[in-house]
Structure formats: C-alpha cells, structure tokens
Amino acid sequence: MKRESRFCSEADRVELSLGPIYAFVPAHGGSRAGAVAEQLSRALSEVPGFSVLLAGFAAREYSLLSPADSPRRLDGQTWGAFVFDSQGIDVLDAREVYPLQLRRVLEFAQRKYRIVCADVAGAKEAHSLETVRAAECIFVVSASDRASLEMAREKRDWLHSMNLSDQCGLLLERVPGGLTSEQAEEITGLPMCSLTDRVEYIERLAGWLAAEESYSSEGVYALVN
C-alpha cells in the first residue's frame, strides 16, 4: 500500500521530540554514502510509526526522485529548505540553505520526523561541519580496499579533531581483493557497524537502530562503541 504523503499544513502536523540525526560521510568521492543513506532511510521508513527525512547536499537527484515531484518548503520561514516526496520518502534538498541557518533547519526537521538521515557527500565544507556537529551518530562509508580505508582513517582523524570520533562508526562495502572487517577496523580506527554490500545488511542495520537504540544518545553510543 502506498504510504500517504506527509505534506500537510503546520496545524495538522504532530510536533515530535527531537529525533536523532545520522550523518553519512564518504571516505572519498567514489564512496557510496548517498546510496547507503538512501537505502537505510527507506528501510527505516518501513518501520511502523517511523517518519524519515533524507537530507542531501549533492548537485544531483536521488535515484528515485521523480521529475514530476513538486518541492515544498520544510517550513514557512527558512529560505532554501525544500522537501520532495520521492516515492514514499521525503528528501530535503539542503544545498541552498545558508550554513548559518542549517542547524535551525535540522532542528526543525528533527521535530517533524522521527529520524533524519543526512548524506554529506558533495556538501560544501561549511554544510558538512554543521551537519556532523548536529549528528548523534556519524557513519563513515568506505569500500574494503586499502586505499579507501586509509582515506576513511583520514575522515576519522578529521572528526577526532572536532572531538566527534566517539560518535563514529564504519559502514563497509566489501569489494574483490578487499580487506577483512577486522583489518578495516584496525586501519581506520573505527568500530564496524555494518556491511553494506547486500540489502539484508542494510535492513538488519535499520532494524538494529529501530529496536535497540530507542532514539536515545545512550543507544547511539552503544552502537558505535
């Protein structure tokens, strides 16, 4: 059954307590952070009672975004925050949000959606900084080849420089000739959260987040530590 659109008037919408933001950081430009963020968002949206917003910054359309979809403002006051209904999931195009306004936009989204998944692939540096600082959990997305893992380690060092490394975990796509999960943890210094090269792994991660975390910071830290 097609899920009903959540686009409605402010008076009709239910105000939620602040939900978590999960940020997806690519090890490098070729990492599949966007695809993983989208897949996980869709899996979480299938959980009964869960509303999910996928926020993105790249100058591209998400794979299932229909050209016929009409953009709607996330709220009536903040310029640049446009949301599309993309076949059952809401997608926020945050490219034009001023960096100084981004935290406000994300907090507004947290009150309207149970979960916000933020794909920072292709984001400007200022947008990336604001997003990871607002996130309760940061997933570094990498393939299992050594070069990608070394770049993932650099992202971990970057996050560590902002005292954010305790909130980070690794999402790993296995590739031919790649290293093991244990080797990936050793190289990156990041705890493994999930593999991503099969749909069932994404679904399992979504179930884990939904069932075990209960959207508390304690649950997030339990996931990545």
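**Notebook: a walk through the predicted chain**

I began with Asn163, which is exposed at a relative accessible area of 68%. For the record, I call a residue buried under 20% relative accessible area, exposed over 50% and partly exposed in between (1.4 Å probe, protein chains only). Asn163 sits in the loop between H4 and strand S8 (168–173). Its phi is near 60°, a positive value in a residue other than glycine.

A note on what I am looking at: this is a predicted model, in which local features need pLDDT of at least 70 and side-chain atom pairs count only at pLDDT 80 or more, while totals for chains, interfaces and linings use all residues. Residues are numbered from 1 along each chain as its sequence is written, and side-chain values use heavy atoms, with hydrogens and water left out.

**Entry: the chain as a whole**

I looked up the secondary structure and found seven helices and nine strands. Helices (H or I, at least four residues) and strands (E, at least two) are DSSP runs, numbered from the N terminus. Of the 225 residues in the chain, 52% are buried. I then turned to contacts, meaning heavy atoms within 4.5 Å. Among those between residues at least 6 apart in sequence, 71% join residues at least 24 apart.

**Entry: H2 against H3**

How are H2 and H3 set against each other? Their axes are 9 Å apart and the packing angle is about 30°, so H2 and H3 are roughly parallel. Here axes are lines fitted to C-alpha atoms, for helices over the stretch in contact, and angles run from 0 to 180 degrees between N-to-C directions. Under 35 degrees counts as roughly parallel, over 145 as roughly antiparallel, 65 to 115 as roughly perpendicular and the rest as oblique. I also noted that H2 and H3 cross in a right-handed way, that is, with the near helix turned clockwise from the far one by less than a right angle, anticlockwise being left-handed.

On the H2 side I listed Pro99, Leu102, Arg103 and Leu106; they meet Ala126, His127, Glu130, Thr131, Arg133 and Ala134 of H3. The residues of this contact of H2 with H3 divide into five nonpolar, two polar and three charged. In this scheme Ala, Val, Leu, Ile, Met, Phe, Trp, Tyr, Cys and Pro are nonpolar, Asp, Glu, Lys and Arg are charged, and the others, Gly among them, are polar.

I checked which residues of H3 are buried, and got His127, Ser128, Leu129, Thr131, Val132 and Ala134. Their cover includes strand S1 (21–26), H2, strand S6 (115–119), strand S7 (137–143) and helix H4 (146–160).

**Entry: salt bridges**

A search of the whole structure gave me six salt bridges, each a side-chain nitrogen of Lys or Arg within 4 Å of a carboxyl oxygen of Asp or Glu. One of them joins Arg103 to Glu130, with the closest N and O atoms 3.8 Å apart. Arg103 lies in helix H2 (residues 99–112) and Glu130 in helix H3 (residues 125–134), so this pair ties together parts that are 27 residues apart in sequence. Arg103 is partly exposed, at 29% relative accessibility.

Arg95 pairs with Asp93, and there the closest N and O atoms are 2.8 Å apart. I have Arg95 as partly exposed, at 30%. Glu200 and Arg198 also meet in a salt bridge, at 3.9 Å from N to O. Glu200 is partly exposed at 38%, and Arg198 is partly exposed at 44%.

**Entry: H4 against H5**

Next I followed H4 to helix H5 (residues 181–188): their axes come within 8 Å and cross at roughly 40°. That makes H4 oblique to H5. The crossing is right-handed. Arg146, Leu149, Glu150, Ala152, Arg153 and Arg156 in H4 meet Ala184, Ile187 and Thr188 in H5. I sorted the residues of this contact into four nonpolar, one polar and four charged.

**Entry: two single residues**

Is Ser194 buried or exposed? Ser194 is buried, at 9% relative accessibility, and its place is in strand S9 (residues 192–195). Leaving aside neighbours within four places in sequence, I found Ser194 in contact with Leu170, Leu171, Leu172, Tyr201 and Leu205.

Gln39 belongs to helix H1 (residues 33–45) and is partly exposed at 31%. Not counting residues up to four places away in sequence, Gln39 touches Arg32 and Ile202. Gln39 and Ile202 are 163 residues apart in sequence, yet 7.0 Å apart in space, C-alpha to C-alpha.
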